[in-house]
Amino acid sequence: MKKAKWLVPTIYIIFLMLPIYWLLNMSFKTTTEIINTYTLWPQEFTLDNYKKIFTDSTWYTGYLNSIYYVVMNTVISVAAALPAAYAFSRYKFLGDKHLFFWLLTNRMAPPAVFALPFFQFYSSVNLFDTHVAVALSHCLFNIPLAVWILEGFMSSVPKELDETAYVDGYSFWRFFFKIFIPTITAGIGITMFFCFMFSWVELLLAKTLTAVAAKPIAATMTRTASTSGYELGLLAAAGSLTIIPGAIVIYFVRNYIAKGFALGRV
Amino acid sequence: MNKTVNQKAWFFVIPVFVLVAFNAIIPLMTVVNYAFQETFGNNVFMWEGTRWFKQIMLSERFHASLGRQFLFTFIILFIQIPLGIAIALTMPKEGIGVPVCLVLMSMPLLIPWNVVGAMWNIFALPDIGFLGHSLNALGFDYNFTQQIGDAWFTTILMDVWHWTSLVVLLSYAGLRSIQPAYYQAAEIDGASRWAIFTKIELPKMKKVLTIAILLRFMDSFMIYTEPFVLTGGGPGNATAFLSIDLVKMALGQFDLGPAAAMSLIYFFIVLLVCWVFYTLMMRNEEKS
(Lines give C-alpha, C1' and ligand atoms only; values in the text may rest on other atoms or scores of the structure.)
Protein backbone atom coordinates (compact mmCIF):
# COMPACT_ATOMS: atom_id res chain seq x y z
CA MET A 1 0.00 0.00 0.00
CA LYS A 2 2.71 2.45 1.00
CA LYS A 3 4.71 1.85 -2.14
CA ALA A 4 1.65 2.13 -4.37
CA LYS A 5 0.85 5.47 -2.82
CA TRP A 6 4.10 6.96 -4.04
CA LEU A 7 3.38 5.76 -7.52
CA VAL A 8 0.55 8.17 -8.43
CA PRO A 9 2.34 11.48 -7.68
CA THR A 10 5.55 10.10 -9.19
CA ILE A 11 3.90 9.15 -12.46
CA TYR A 12 2.10 12.48 -12.52
CA ILE A 13 5.34 14.42 -11.99
CA ILE A 14 7.06 12.43 -14.72
CA PHE A 15 4.17 13.29 -17.04
CA LEU A 16 4.58 16.96 -16.11
CA MET A 17 8.33 16.95 -16.66
CA LEU A 18 8.36 15.19 -20.05
CA PRO A 19 7.31 18.15 -22.25
CA ILE A 20 9.59 20.45 -20.23
CA TYR A 21 12.48 18.05 -20.76
CA TRP A 22 11.71 17.92 -24.47
CA LEU A 23 11.82 21.71 -24.65
CA LEU A 24 15.19 21.80 -22.86
CA ASN A 25 16.45 18.99 -25.05
CA MET A 26 15.55 20.95 -28.20
CA SER A 27 17.12 24.13 -26.88
CA PHE A 28 20.57 22.50 -26.72
CA LYS A 29 20.41 21.08 -30.22
CA THR A 30 21.54 22.61 -33.49
CA THR A 31 18.89 23.37 -36.10
CA THR A 32 20.18 20.66 -38.45
CA GLU A 33 20.00 18.05 -35.71
CA ILE A 34 16.42 19.04 -34.84
CA ILE A 35 15.20 18.86 -38.40
CA ASN A 36 17.09 15.85 -39.66
CA THR A 37 17.14 13.39 -36.79
CA TYR A 38 15.06 12.19 -33.87
CA THR A 39 17.26 12.05 -30.79
CA LEU A 40 16.35 11.65 -27.13
CA TRP A 41 19.22 13.89 -26.01
CA PRO A 42 21.42 16.39 -27.88
CA GLN A 43 24.14 14.66 -29.90
CA GLU A 44 26.02 17.87 -30.65
CA PHE A 45 25.50 19.84 -27.47
CA THR A 46 25.39 23.57 -28.24
CA LEU A 47 24.76 26.76 -26.29
CA ASP A 48 24.42 28.88 -29.43
CA ASN A 49 20.68 29.33 -29.03
CA TYR A 50 21.13 30.78 -25.56
CA LYS A 51 24.08 32.90 -26.68
CA LYS A 52 21.94 34.45 -29.37
CA ILE A 53 19.21 35.35 -26.87
CA PHE A 54 21.59 36.94 -24.40
CA THR A 55 23.44 38.98 -27.02
CA ASP A 56 20.58 40.04 -29.30
CA SER A 57 18.77 42.99 -27.76
CA THR A 58 15.41 42.22 -29.42
CA TRP A 59 15.42 39.02 -27.39
CA TYR A 60 16.65 40.06 -24.00
CA THR A 61 14.70 43.31 -23.85
CA GLY A 62 11.60 41.12 -24.23
CA TYR A 63 12.44 39.55 -20.88
CA LEU A 64 13.09 42.88 -19.24
CA ASN A 65 9.80 44.25 -20.57
CA SER A 66 7.85 41.28 -19.25
CA ILE A 67 9.44 41.43 -15.82
CA TYR A 68 8.96 45.19 -15.68
CA TYR A 69 5.21 45.20 -16.29
CA VAL A 70 4.58 42.07 -14.22
CA VAL A 71 6.26 43.60 -11.16
CA MET A 72 4.44 46.88 -11.73
CA ASN A 73 1.12 45.08 -11.96
CA THR A 74 1.76 43.00 -8.84
CA VAL A 75 2.57 46.10 -6.79
CA ILE A 76 -0.47 48.06 -8.04
CA SER A 77 -2.84 45.12 -7.57
CA VAL A 78 -1.79 44.27 -4.04
CA ALA A 79 -1.56 47.89 -2.90
CA ALA A 80 -5.06 48.67 -4.15
CA ALA A 81 -6.55 45.41 -2.98
CA LEU A 82 -5.32 45.60 0.64
CA PRO A 83 -7.66 48.36 1.90
CA ALA A 84 -10.54 47.08 -0.25
CA ALA A 85 -10.22 43.54 1.07
CA TYR A 86 -10.13 44.96 4.60
CA ALA A 87 -13.36 46.85 3.95
CA PHE A 88 -15.05 43.74 2.57
CA SER A 89 -13.91 41.55 5.45
CA ARG A 90 -14.77 43.97 8.27
CA TYR A 91 -17.63 46.24 7.24
CA LYS A 92 -21.08 46.17 5.77
CA PHE A 93 -21.75 49.02 3.40
CA LEU A 94 -24.17 50.01 0.71
CA GLY A 95 -23.87 47.67 -2.26
CA ASP A 96 -21.00 45.62 -0.81
CA LYS A 97 -22.23 42.25 -2.08
CA HIS A 98 -23.02 43.55 -5.54
CA LEU A 99 -19.68 45.27 -5.74
CA PHE A 100 -17.89 42.08 -4.74
CA PHE A 101 -19.68 40.07 -7.41
CA TRP A 102 -19.09 42.79 -9.99
CA LEU A 103 -15.37 42.63 -9.19
CA LEU A 104 -15.41 38.88 -9.64
CA THR A 105 -17.17 39.14 -13.00
CA ASN A 106 -14.09 40.90 -14.29
CA ARG A 107 -12.01 37.88 -13.36
CA MET A 108 -14.44 35.93 -15.53
CA ALA A 109 -14.31 38.23 -18.53
CA PRO A 110 -12.64 36.48 -21.47
CA PRO A 111 -9.61 38.61 -22.49
CA ALA A 112 -10.56 37.99 -26.12
CA VAL A 113 -13.68 40.09 -25.52
CA PHE A 114 -11.56 42.99 -24.38
CA ALA A 115 -8.66 42.79 -26.81
CA LEU A 116 -9.97 45.15 -29.45
CA PRO A 117 -11.59 47.78 -27.18
CA PHE A 118 -8.43 47.79 -25.04
CA PHE A 119 -6.34 48.48 -28.07
CA GLN A 120 -8.54 51.41 -29.08
CA PHE A 121 -8.92 52.72 -25.56
CA TYR A 122 -5.24 52.67 -24.63
CA SER A 123 -4.32 54.17 -28.01
CA SER A 124 -6.73 57.02 -27.44
CA VAL A 125 -5.18 57.89 -24.05
CA ASN A 126 -1.68 57.67 -25.54
CA LEU A 127 -0.59 54.71 -23.46
CA PHE A 128 -0.23 52.24 -26.32
CA ASP A 129 3.07 50.36 -26.29
CA THR A 130 3.99 51.32 -22.73
CA HIS A 131 4.64 49.08 -19.73
CA VAL A 132 2.02 51.00 -17.78
CA ALA A 133 -0.67 50.03 -20.29
CA VAL A 134 -0.02 46.32 -19.85
CA ALA A 135 0.31 46.63 -16.08
CA LEU A 136 -2.99 48.52 -15.87
CA SER A 137 -4.83 46.19 -18.23
CA HIS A 138 -3.78 43.17 -16.19
CA CYS A 139 -5.39 44.85 -13.18
CA LEU A 140 -8.68 43.85 -14.81
CA PHE A 141 -8.31 40.28 -13.61
CA ASN A 142 -5.58 40.57 -10.97
CA ILE A 143 -7.27 43.11 -8.69
CA PRO A 144 -10.47 41.05 -8.33
CA LEU A 145 -8.35 37.99 -7.64
CA ALA A 146 -6.21 39.83 -5.09
CA VAL A 147 -9.28 41.19 -3.31
CA TRP A 148 -10.82 37.74 -3.28
CA ILE A 149 -7.77 35.99 -1.82
CA LEU A 150 -6.92 38.73 0.68
CA GLU A 151 -10.53 38.93 1.88
CA GLY A 152 -10.35 35.22 2.69
CA PHE A 153 -7.18 35.69 4.71
CA MET A 154 -8.42 38.78 6.51
CA SER A 155 -11.71 37.14 7.48
CA SER A 156 -9.77 34.42 9.27
CA VAL A 157 -8.14 37.04 11.52
CA PRO A 158 -10.44 37.56 14.53
CA LYS A 159 -11.97 40.98 14.86
CA GLU A 160 -10.81 41.16 18.49
CA LEU A 161 -7.36 41.99 17.15
CA ASP A 162 -8.66 45.26 15.72
CA GLU A 163 -10.66 46.11 18.82
CA THR A 164 -7.77 45.46 21.22
CA ALA A 165 -5.51 47.69 19.16
CA TYR A 166 -8.00 50.55 19.27
CA VAL A 167 -8.39 50.15 23.03
CA ASP A 168 -4.61 50.35 23.29
CA GLY A 169 -4.81 53.71 21.55
CA TYR A 170 -3.62 52.79 18.09
CA SER A 171 -4.86 54.96 15.24
CA PHE A 172 -6.38 53.08 12.33
CA TRP A 173 -3.45 53.45 9.94
CA ARG A 174 -0.89 52.66 12.60
CA PHE A 175 -2.83 49.51 13.49
CA PHE A 176 -3.17 48.61 9.81
CA PHE A 177 0.53 48.86 9.00
CA LYS A 178 2.10 47.85 12.31
CA ILE A 179 -0.19 45.02 13.40
CA PHE A 180 -2.64 43.94 10.74
CA ILE A 181 -0.36 43.64 7.72
CA PRO A 182 2.32 41.68 9.60
CA THR A 183 -0.30 39.14 10.74
CA ILE A 184 -1.33 38.37 7.17
CA THR A 185 2.11 38.26 5.52
CA ALA A 186 1.43 34.71 4.34
CA GLY A 187 -1.73 35.90 2.62
CA ILE A 188 0.06 38.80 0.98
CA GLY A 189 2.78 36.42 -0.20
CA ILE A 190 0.22 34.09 -1.77
CA THR A 191 -1.61 37.01 -3.36
CA MET A 192 1.59 38.34 -4.88
CA PHE A 193 2.37 34.86 -6.15
CA PHE A 194 -0.96 34.66 -7.97
CA CYS A 195 -0.78 38.19 -9.34
CA PHE A 196 2.71 37.53 -10.62
CA MET A 197 1.63 34.22 -12.09
CA PHE A 198 -1.43 35.46 -13.98
CA SER A 199 0.33 38.56 -15.28
CA TRP A 200 3.39 36.57 -16.34
CA VAL A 201 1.47 33.93 -18.27
CA GLU A 202 -1.08 36.22 -19.95
CA LEU A 203 -0.23 37.05 -23.52
CA LEU A 204 -3.30 38.10 -25.49
CA LEU A 205 -3.68 41.53 -23.85
CA ALA A 206 0.06 42.06 -23.47
CA LYS A 207 0.55 41.38 -27.16
CA THR A 208 -2.39 43.52 -28.25
CA LEU A 209 -1.22 46.53 -26.24
CA THR A 210 2.41 46.57 -27.30
CA ALA A 211 4.35 46.97 -30.53
CA VAL A 212 8.05 47.59 -29.98
CA ALA A 213 9.01 49.45 -26.83
CA ALA A 214 7.20 47.24 -24.31
CA LYS A 215 6.89 44.00 -26.24
CA PRO A 216 6.84 40.98 -23.92
CA ILE A 217 9.16 38.03 -24.47
CA ALA A 218 6.30 35.73 -25.30
CA ALA A 219 5.26 37.98 -28.19
CA THR A 220 8.84 38.13 -29.45
CA MET A 221 8.73 34.37 -29.63
CA THR A 222 5.57 34.14 -31.73
CA ARG A 223 6.79 36.77 -34.14
CA THR A 224 10.17 35.13 -34.61
CA ALA A 225 8.50 31.83 -35.32
CA SER A 226 6.50 33.33 -38.13
CA THR A 227 9.05 35.66 -39.72
CA SER A 228 12.40 33.93 -39.88
CA GLY A 229 11.29 30.44 -40.74
CA TYR A 230 10.95 27.89 -38.01
CA GLU A 231 13.95 28.24 -35.76
CA LEU A 232 12.90 25.60 -33.30
CA GLY A 233 16.11 25.59 -31.28
CA LEU A 234 15.95 29.31 -30.65
CA LEU A 235 12.26 29.10 -29.84
CA ALA A 236 12.91 26.25 -27.39
CA ALA A 237 15.73 28.18 -25.70
CA ALA A 238 13.54 31.27 -25.31
CA GLY A 239 10.72 29.11 -23.96
CA SER A 240 13.01 27.39 -21.47
CA LEU A 241 14.16 30.76 -20.17
CA THR A 242 10.56 31.88 -19.52
CA ILE A 243 10.19 29.03 -17.03
CA ILE A 244 12.95 30.41 -14.78
CA PRO A 245 11.21 33.45 -13.21
CA GLY A 246 8.23 31.26 -12.35
CA ALA A 247 10.45 28.62 -10.81
CA ILE A 248 12.19 31.25 -8.67
CA VAL A 249 8.87 32.62 -7.44
CA ILE A 250 7.58 29.16 -6.55
CA TYR A 251 10.77 28.44 -4.63
CA PHE A 252 10.20 31.51 -2.46
CA VAL A 253 6.57 30.76 -1.65
CA ARG A 254 6.87 26.96 -1.40
CA ASN A 255 6.21 26.91 2.33
CA TYR A 256 3.25 29.23 2.08
CA ILE A 257 1.48 27.44 -0.74
CA ALA A 258 -0.16 24.61 1.20
CA LYS A 259 -0.81 26.72 4.28
CA GLY A 260 -1.98 29.69 2.24
CA PHE A 261 -4.39 27.69 0.14
CA ALA A 262 -5.98 26.25 3.25
CA LEU A 263 -6.60 29.61 4.90
CA GLY A 264 -7.38 31.69 1.90
CA ARG A 265 -9.83 31.34 -0.88
CA VAL A 266 -7.78 30.32 -3.88
CA MET B 1 -18.08 37.15 11.30
CA ASN B 2 -20.58 39.82 12.30
CA LYS B 3 -19.67 42.94 10.42
CA THR B 4 -20.41 46.49 11.47
CA VAL B 5 -22.25 48.79 9.12
CA ASN B 6 -19.89 51.54 8.00
CA GLN B 7 -20.51 53.50 4.84
CA LYS B 8 -17.05 55.06 5.06
CA ALA B 9 -15.67 51.68 4.02
CA TRP B 10 -16.38 52.87 0.49
CA PHE B 11 -13.28 55.04 0.73
CA PHE B 12 -11.20 51.88 1.07
CA VAL B 13 -12.80 50.41 -1.99
CA ILE B 14 -12.43 53.46 -4.22
CA PRO B 15 -8.92 52.71 -5.59
CA VAL B 16 -9.97 49.21 -6.60
CA PHE B 17 -13.23 50.49 -8.01
CA VAL B 18 -11.54 53.18 -10.10
CA LEU B 19 -8.82 50.86 -11.46
CA VAL B 20 -11.20 48.09 -12.42
CA ALA B 21 -13.87 50.43 -13.76
CA PHE B 22 -11.23 52.13 -15.91
CA ASN B 23 -10.45 48.76 -17.45
CA ALA B 24 -13.86 47.20 -17.47
CA ILE B 25 -16.57 49.76 -18.05
CA ILE B 26 -15.04 51.93 -20.78
CA PRO B 27 -13.95 49.03 -23.02
CA LEU B 28 -17.20 47.21 -22.34
CA MET B 29 -19.14 50.27 -23.47
CA THR B 30 -17.09 50.25 -26.68
CA VAL B 31 -18.17 46.68 -27.27
CA VAL B 32 -21.81 47.56 -26.58
CA ASN B 33 -21.44 50.48 -28.97
CA TYR B 34 -20.23 48.24 -31.78
CA ALA B 35 -22.80 45.59 -31.07
CA PHE B 36 -25.72 47.79 -32.03
CA GLN B 37 -24.20 49.70 -34.93
CA GLU B 38 -22.61 49.31 -38.32
CA THR B 39 -19.37 51.16 -38.98
CA PHE B 40 -17.34 51.84 -42.09
CA GLY B 41 -14.47 53.45 -40.18
CA ASN B 42 -13.84 57.17 -39.68
CA ASN B 43 -16.20 57.14 -36.73
CA VAL B 44 -19.27 56.90 -38.94
CA PHE B 45 -21.87 54.75 -37.23
CA MET B 46 -25.30 53.58 -38.27
CA TRP B 47 -27.82 52.18 -35.84
CA GLU B 48 -28.48 48.50 -36.45
CA GLY B 49 -30.56 47.56 -33.43
CA THR B 50 -30.44 43.89 -32.60
CA ARG B 51 -29.51 42.74 -36.10
CA TRP B 52 -26.03 41.48 -35.13
CA PHE B 53 -27.42 39.60 -32.16
CA LYS B 54 -29.98 37.84 -34.34
CA GLN B 55 -27.30 37.08 -36.89
CA ILE B 56 -24.98 35.55 -34.30
CA MET B 57 -27.68 33.65 -32.46
CA LEU B 58 -28.81 32.06 -35.73
CA SER B 59 -25.37 31.49 -37.24
CA GLU B 60 -24.17 27.93 -37.49
CA ARG B 61 -20.61 29.04 -37.01
CA PHE B 62 -21.44 30.35 -33.53
CA HIS B 63 -23.43 27.24 -32.62
CA ALA B 64 -20.54 25.07 -33.72
CA SER B 65 -17.89 26.94 -31.73
CA LEU B 66 -20.17 27.15 -28.69
CA GLY B 67 -20.76 23.40 -28.94
CA ARG B 68 -17.04 22.69 -29.19
CA GLN B 69 -16.44 24.99 -26.23
CA PHE B 70 -18.94 23.22 -23.98
CA LEU B 71 -17.68 19.80 -25.02
CA PHE B 72 -14.09 20.80 -24.32
CA THR B 73 -14.92 22.34 -20.93
CA PHE B 74 -16.93 19.29 -19.84
CA ILE B 75 -14.23 16.86 -20.90
CA ILE B 76 -11.45 18.68 -19.07
CA LEU B 77 -13.56 19.16 -15.91
CA PHE B 78 -14.47 15.48 -16.03
CA ILE B 79 -10.78 14.49 -16.20
CA GLN B 80 -9.10 17.16 -14.10
CA ILE B 81 -11.33 17.21 -11.03
CA PRO B 82 -11.23 13.45 -10.19
CA LEU B 83 -7.58 13.20 -11.24
CA GLY B 84 -6.65 16.21 -9.12
CA ILE B 85 -8.42 14.76 -6.06
CA ALA B 86 -6.77 11.37 -6.59
CA ILE B 87 -3.29 12.91 -6.78
CA ALA B 88 -3.93 15.12 -3.75
CA LEU B 89 -5.02 12.06 -1.74
CA THR B 90 -1.85 10.17 -2.56
CA MET B 91 0.56 13.05 -2.03
CA PRO B 92 2.95 12.80 0.93
CA LYS B 93 1.73 14.63 4.02
CA GLU B 94 5.07 15.41 5.63
CA GLY B 95 8.80 15.37 5.05
CA ILE B 96 10.89 16.43 2.10
CA GLY B 97 8.35 15.02 -0.36
CA VAL B 98 5.89 17.86 0.33
CA PRO B 99 7.89 20.84 -1.00
CA VAL B 100 9.31 18.72 -3.83
CA CYS B 101 5.81 17.73 -4.99
CA LEU B 102 4.42 21.24 -4.56
CA VAL B 103 7.24 22.95 -6.44
CA LEU B 104 7.37 20.45 -9.30
CA MET B 105 3.60 20.33 -9.66
CA SER B 106 3.27 24.12 -9.74
CA MET B 107 5.72 24.39 -12.63
CA PRO B 108 3.18 24.14 -15.48
CA LEU B 109 1.07 26.88 -13.90
CA LEU B 110 3.84 29.44 -14.25
CA ILE B 111 4.79 28.90 -17.85
CA PRO B 112 3.47 31.58 -20.23
CA TRP B 113 0.52 30.22 -22.15
CA ASN B 114 1.99 30.57 -25.60
CA VAL B 115 5.13 28.77 -24.39
CA VAL B 116 2.83 25.97 -23.21
CA GLY B 117 1.37 25.84 -26.70
CA ALA B 118 4.78 25.97 -28.37
CA MET B 119 6.16 23.35 -25.98
CA TRP B 120 3.33 20.95 -26.73
CA ASN B 121 3.63 21.65 -30.42
CA ILE B 122 7.29 20.59 -30.33
CA PHE B 123 6.45 17.69 -28.00
CA ALA B 124 3.65 16.33 -30.22
CA LEU B 125 5.14 16.80 -33.68
CA PRO B 126 4.76 13.43 -35.42
CA ASP B 127 8.30 13.30 -36.73
CA ILE B 128 10.55 14.98 -34.15
CA GLY B 129 8.34 15.27 -31.05
CA PHE B 130 8.59 12.74 -28.25
CA LEU B 131 4.82 12.16 -27.98
CA GLY B 132 4.15 12.07 -31.71
CA HIS B 133 7.17 9.92 -32.48
CA SER B 134 6.40 7.46 -29.67
CA LEU B 135 2.74 7.09 -30.65
CA ASN B 136 3.65 6.50 -34.27
CA ALA B 137 6.34 4.02 -33.26
CA LEU B 138 3.69 2.15 -31.25
CA GLY B 139 1.63 1.77 -34.38
CA PHE B 140 -0.90 4.58 -33.96
CA ASP B 141 -1.43 6.76 -36.98
CA TYR B 142 -0.99 10.01 -35.08
CA ASN B 143 -0.80 13.47 -36.61
CA PHE B 144 -2.43 16.33 -34.70
CA THR B 145 -2.15 18.81 -37.56
CA GLN B 146 -4.14 16.60 -39.93
CA GLN B 147 -6.61 14.51 -37.97
CA ILE B 148 -9.44 15.99 -35.92
CA GLY B 149 -9.41 13.28 -33.25
CA ASP B 150 -5.67 13.65 -32.69
CA ALA B 151 -5.99 17.43 -32.49
CA TRP B 152 -8.64 17.11 -29.77
CA PHE B 153 -6.63 14.46 -27.94
CA THR B 154 -3.55 16.66 -27.94
CA THR B 155 -5.42 19.79 -26.86
CA ILE B 156 -7.11 17.97 -23.99
CA LEU B 157 -3.89 16.30 -22.91
CA MET B 158 -2.18 19.69 -22.95
CA ASP B 159 -4.89 21.23 -20.80
CA VAL B 160 -4.74 18.31 -18.36
CA TRP B 161 -0.97 18.79 -18.21
CA HIS B 162 -1.33 22.52 -17.73
CA TRP B 163 -4.12 22.82 -15.16
CA THR B 164 -4.59 19.60 -13.17
CA SER B 165 -2.01 20.91 -10.70
CA LEU B 166 -4.33 23.74 -9.73
CA VAL B 167 -6.98 21.22 -8.68
CA VAL B 168 -4.29 19.19 -6.89
CA LEU B 169 -3.03 22.21 -4.93
CA LEU B 170 -6.53 23.27 -3.92
CA SER B 171 -7.63 19.77 -2.92
CA TYR B 172 -4.40 19.22 -1.04
CA ALA B 173 -4.97 22.42 0.92
CA GLY B 174 -8.50 21.26 1.71
CA LEU B 175 -7.24 17.90 2.93
CA ARG B 176 -4.57 19.51 5.09
CA SER B 177 -7.18 21.54 6.94
CA ILE B 178 -8.88 18.37 8.27
CA GLN B 179 -8.14 17.85 11.97
CA PRO B 180 -6.39 14.53 12.80
CA ALA B 181 -9.16 13.86 15.33
CA TYR B 182 -11.55 13.07 12.48
CA TYR B 183 -9.27 10.35 11.19
CA GLN B 184 -8.74 8.93 14.68
CA ALA B 185 -12.50 8.77 15.21
CA ALA B 186 -12.92 7.04 11.86
CA GLU B 187 -10.26 4.51 12.80
CA ILE B 188 -11.96 3.72 16.11
CA ASP B 189 -15.23 3.21 14.27
CA GLY B 190 -13.46 0.92 11.81
CA ALA B 191 -14.49 2.98 8.80
CA SER B 192 -13.36 1.79 5.39
CA ARG B 193 -11.07 3.90 3.19
CA TRP B 194 -14.01 4.65 0.91
CA ALA B 195 -16.19 5.71 3.85
CA ILE B 196 -13.46 8.05 5.11
CA PHE B 197 -13.28 9.59 1.66
CA THR B 198 -17.00 10.11 1.14
CA LYS B 199 -17.96 10.98 4.72
CA ILE B 200 -15.00 13.06 5.90
CA GLU B 201 -12.66 14.14 3.14
CA LEU B 202 -15.13 15.01 0.40
CA PRO B 203 -17.41 17.20 2.58
CA LYS B 204 -14.35 19.00 3.96
CA MET B 205 -13.08 19.63 0.46
CA LYS B 206 -16.41 20.95 -0.76
CA LYS B 207 -15.44 24.60 -0.50
CA VAL B 208 -12.10 24.34 -2.27
CA LEU B 209 -13.56 22.03 -4.88
CA THR B 210 -16.27 24.56 -5.72
CA ILE B 211 -13.53 27.13 -6.23
CA ALA B 212 -11.54 24.66 -8.32
CA ILE B 213 -14.52 23.89 -10.55
CA LEU B 214 -15.38 27.58 -10.84
CA LEU B 215 -11.83 28.56 -11.79
CA ARG B 216 -11.42 25.69 -14.21
CA PHE B 217 -14.77 26.46 -15.80
CA MET B 218 -13.97 30.15 -16.27
CA ASP B 219 -10.46 29.60 -17.53
CA SER B 220 -11.25 26.75 -19.88
CA PHE B 221 -14.18 28.73 -21.24
CA MET B 222 -11.89 31.58 -22.21
CA ILE B 223 -9.00 29.44 -23.42
CA TYR B 224 -7.25 31.08 -26.34
CA THR B 225 -3.48 31.15 -26.46
CA GLU B 226 -2.59 27.49 -25.93
CA PRO B 227 -4.79 25.93 -28.63
CA PHE B 228 -4.07 28.88 -30.91
CA VAL B 229 -0.35 28.19 -30.77
CA LEU B 230 -0.75 24.41 -30.76
CA THR B 231 -3.26 23.86 -33.55
CA GLY B 232 -4.24 27.36 -34.72
CA GLY B 233 -7.85 26.23 -34.35
CA GLY B 234 -7.38 23.53 -36.95
CA PRO B 235 -7.48 21.19 -38.70
CA GLY B 236 -10.18 23.25 -40.38
CA ASN B 237 -12.15 24.69 -37.49
CA ALA B 238 -12.03 21.53 -35.40
CA THR B 239 -10.42 23.14 -32.34
CA ALA B 240 -11.59 26.74 -32.88
CA PHE B 241 -13.07 27.42 -29.45
CA LEU B 242 -15.10 30.54 -28.70
CA SER B 243 -12.19 32.92 -28.08
CA ILE B 244 -10.28 31.78 -31.14
CA ASP B 245 -13.35 32.20 -33.31
CA LEU B 246 -14.04 35.60 -31.78
CA VAL B 247 -10.54 36.96 -32.34
CA LYS B 248 -10.62 35.64 -35.87
CA MET B 249 -13.84 37.53 -36.47
CA ALA B 250 -12.85 40.76 -34.73
CA LEU B 251 -9.18 41.19 -35.62
CA GLY B 252 -8.89 38.94 -38.66
CA GLN B 253 -11.99 39.79 -40.66
CA PHE B 254 -12.73 43.06 -38.84
CA ASP B 255 -16.44 42.22 -38.61
CA LEU B 256 -16.78 44.48 -35.61
CA GLY B 257 -20.56 44.42 -35.25
CA PRO B 258 -21.07 40.65 -35.19
CA ALA B 259 -17.86 40.21 -33.17
CA ALA B 260 -19.09 42.65 -30.55
CA ALA B 261 -22.48 40.98 -30.38
CA MET B 262 -20.75 37.64 -30.00
CA SER B 263 -18.54 39.06 -27.23
CA LEU B 264 -21.59 40.14 -25.28
CA ILE B 265 -23.37 36.81 -25.68
CA TYR B 266 -20.16 34.99 -24.76
CA PHE B 267 -19.60 37.14 -21.67
CA PHE B 268 -23.24 36.70 -20.69
CA ILE B 269 -22.99 32.89 -20.76
CA VAL B 270 -19.86 32.92 -18.58
CA LEU B 271 -21.52 35.37 -16.22
CA LEU B 272 -24.67 33.29 -15.93
CA VAL B 273 -22.88 30.06 -15.08
CA CYS B 274 -20.57 31.83 -12.62
CA TRP B 275 -23.50 33.58 -10.95
CA VAL B 276 -25.14 30.22 -10.30
CA PHE B 277 -21.88 28.90 -8.84
CA TYR B 278 -21.33 32.01 -6.76
CA THR B 279 -24.83 31.93 -5.30
CA LEU B 280 -24.46 28.28 -4.37
CA MET B 281 -21.07 28.96 -2.83
CA MET B 282 -22.27 31.87 -0.74
CA ARG B 283 -25.29 29.90 0.44
CA ASN B 284 -22.96 27.12 1.58
CA GLU B 285 -20.78 29.61 3.39
CA GLU B 286 -23.71 31.12 5.24
CA LYS B 287 -24.89 27.67 6.28
CA SER B 288 -21.56 26.62 7.76
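Colleague: How many residues does chain A bring to the contact with chain B, and which element of chain A gives the most?

Modeller: This is a predicted model, and in it the contact takes 73 residues from chain B and 80 residues from chain A. By class, the side of chain A that touches chain B holds 65 nonpolar, 9 polar and 6 charged residues. With 16 residues, the element that gives the most to that side is helix 13 (residues 232–263) of chain A.

Colleague: Which residue stands opposite Lys92(A)?

Modeller: Strand 1 (residues 91–92) of chain A and strand 1 (residues 4–5) of chain B run parallel and are joined by 2 bridges. Within strand 1 of chain B, the residue opposite Lys92(A) is Val5(B).

Colleague: Which helix of chain A gives the most to the side of domain 1 that touches domain 2?

Modeller: Chain A is divided into domain 1 (1–46) and domain 2 (56–263), whose C-alpha centres lie 31 Å apart. Their contact involves 9 residues of domain 1 of chain A and 8 residues of domain 2 of chain A. On the domain 1 side, helix 1 (2–27) and helix 2 (31–36) of chain A each supply at least two residues, and the one that gives the most, with 5 residues, is helix 1 of chain A.

Colleague: Which element of chain A has the lowest mean pLDDT?

Modeller: Chain A averages a pLDDT of 83, and 92% of its residues score at least 70. Among its elements, the highest mean, 91, belongs to helix 4 (residues 57–90) of chain A, whereas the lowest, 66, belongs to helix 12 (residues 217–227) of chain A.

Methods
Residues are numbered from 1 along each chain as its sequence is written. Chains are lettered from A and ligands numbered from 1 in the order in which they are written. This is a predicted model: local features need pLDDT of at least 70, side-chain atom pairs count only at pLDDT 80 or more; totals for chains, interfaces and linings use all residues. pLDDT is the predictor's confidence in each residue, from 0 to 100. Helices (H or I, at least four residues) and strands (E, at least two) are DSSP runs, numbered from the N terminus. Two residues are in contact if their C-beta atoms, placed from the backbone, lie within 7 Å. Ala, Val, Leu, Ile, Met, Phe, Trp, Tyr, Cys and Pro count as nonpolar, Asp, Glu, Lys and Arg as charged, and the others, Gly among them, as polar. Two strands pair if DSSP finds at least two bridges between them. Domain bounds come from an automatic or database domain assignment.
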